[in-house]
Amino acid sequence: MNNSEQVSESADESATDPANVPAPNPSFAPQHILVTGGAGFIGANFVHWVARNHPQVHMTVLDALTYAGKRENLDGVPAANLTFVHGNICDAELVESLLSGLNQRSAAAVPPIDAIVHFAAESHNDNSILDASPFLNTNVTGTYVLLEAARRHDIRFHHISTDEVYGDLALDEPRKFTEDSPYKPSSPYSASKAASDHLIRAWHRTYGVKATISNCSNNYGPYQHVEKFIPRQITNILAGIRPKLYGTGSAVRDWISVEDHCTAVWAILTHGRIGDTYLVGANGEMSNIDVLRMILECMGQPSDAFDHVNDRPGGDKRYAIDATKITRELGWRPRFTDFAEGLDETIQWYREHEDWWRPDKDATEAKYRLQGH
Ligand code: NAD
Ligand code: TDX
């Protein structure tokens, strides 16, 4: 892979403590990033983070504004940093027009797009069990469209993926996922993400696309859709509905603050080894029932004030990330490792943003009732 066109960046605004970043790889200083799915949960957090920490970078957000995306998630991002395009990543003509600069605002002197950070996806396992087709369109075909565009324009590509591509681990084993774990996805969602990872690897190897992949564990924080575990339970309590726990609640997830995920993506984009995969996690393993009990306690509810509901068909038992590679190679470390504190702040955010979540709540719960959840 030829990195010669990648330019040096002063390490002043590194994703983590710059003193800890050994930066063994050629560094890359993006000037204009195409952020797909930037109006969703993690994408929006990433756009806010980049605008705050790297204000010289322009971002074009391409987002279809599905049920999971909201334009207002980007409110507060300075106009100088952001171009918002409402559109679909499967639309090859639109993607081409963005990379060719045809869609650019004439007034601003914005440099051409030199990187794609690809968050856009159908992201919810339960939805994929009801209907897999949007998952195949967006996660597989959409990724293919973006890869072909990155190939034509020879630009940097970072793909956001998930630890779910590795299937699950037993509750009682010490093993964690590493970059060498075999792919073994369980759900239509995770199978579609695994397929997209394979496309990235193939386009790198065959065509030399300058791609990297991150596989991250479960994120929590502001702007997460109320369909997901933590926001669903918080907003249930706020709406006077009893929280719903799948099965016994023994399944384990490895929680990471969304801001820590964003700094990891930045570290990989700017210093990652082209063609490589990096696992991202914060040693945050916790059973679902323990997380729910923490939410109940924090919100002043009795510890048994919830319902057990149907388990997810094929539901994964445990995820756990070994983040040694990204720590050793890029000096990245999670900063927000006090889960109780992070959960408390997240609860506070949902308390203060009822206008944001309320419009989605009824439809989300109605869909869950169909599934016995
Ligand atoms: P999300 O569902 O909150 O947001 C997805 C965004 O993509 C939305 O804004 C939606 O409108 C947009 N989108 C969907 N289809 C599109 C299309 N065809 N064209 C353009 N835009 C489209 O998802 P999220 O939780 O923010 O996840 C973002 C990425 O991170 C996904 O790729 C997901 O697989 C991955 N990931 C998520 C987690 C997690 O805990 N949420 C963990 C690891 C990896
Ligand atoms: O109401 C619920 N009750 C419950 O017990 C919901 C919605 C979920 N659960 C359980 C199922 C899982 O064991 O909680 C766990 C977490 O569920 P989700 O929030 O749906 O997340 P998960 O399926 O683990 O996937 C998430 O992390 C990996 C994201 O949604 C994915 O996009 C990401 O790839």
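**Pocket**

Which residues lie nearest the centre of the second largest pocket? Before answering, I note that I am working from a predicted model. I found G221, P222, V258, E259 and E345 nearest the centre, out of 16 lining residues. I then looked up the volume and got about 350 Å³ for this pocket. Sorted by class, I have 7 nonpolar, 6 polar and 3 charged residues in the lining.

**Strand β11**

I went on to β11, which covers residues 277–280. T277 and L279 point one way, while Y278 and V280 point the other way. Buried or exposed, I asked myself, for these four? All are buried. I looked for a pairing and found β6 (residues 211–216), which runs parallel to β11 and is joined to it by 4 bridges. One detail I jotted down is that S214 has Y278 as its bridge partner in β11.

**Y246**

I picked Y246 next, in strand β8 (residues 244–246). Its relative accessibility is 16%, and the cut-off for buried is under 20%, so I put Y246 down as buried. What does Y246 touch, leaving out residues up to four places away in sequence? My list reads D126, R232, V309, N310, D311, R312, Y368 and H373. I also took the C-alpha to C-alpha distance from Y246 to A264: the two are 30 Å apart in space and 18 residues apart in sequence.

**Aromatic pairs**

I searched the whole structure for aromatic pairs and got 16. I opened Y144 and W203: the ring centres are 6.0 Å apart and the planes sit at 80°, so I logged the pair as edge-to-face. Y144 belongs to helix α4 (residues 133–153) and W203 to helix α5 (residues 188–207), so this pair ties together parts 59 residues apart in sequence. Y144 is partly exposed at 39% relative accessible area, whereas W203 is buried at 14%.

I then turned to F177 and Y319, a tilted pair with 6.5 Å between centres and 40° between planes. F177 is in the loop between β5 (156–162) and α5, and Y319 is in the loop between β13 (307–309) and α9 (324–330), so the pair ties together parts 142 residues apart in sequence. I have both F177 and Y319 down as buried. Last entry: ring pairs link F177 and Y319 with Y166 and Y183 into a cluster.

Key. Residues numbered from 1 in each chain as written. Chains lettered and ligands numbered in written order. Predicted model: local features only at pLDDT ≥ 70, side-chain atom pairs only at ≥ 80, totals over all residues. Heavy atoms only, no water. Buried < 20%, exposed > 50% of the residue type's maximum accessible area, 1.4 Å probe, protein only. Helix = DSSP H or I, 4+ residues; strand = E, 2+ residues; numbered from the N terminus. Pairing = 2+ DSSP bridges. 1 Å grid on protein atoms, 1.4 Å probe; cavity = no way out; pocket = protein on both sides within 12 Å on 5 of 7 lines; lining within 4 Å. Points joined across faces, edges and corners; volume = space filled by probe spheres on them. Nonpolar A, V, L, I, M, F, W, Y, C, P; charged D, E, K, R; others polar. Contact = heavy atoms within 4.5 Å. Phe/Tyr/Trp six-rings, centres within 6.5 Å; stacked < 30°, edge-to-face > 60°.
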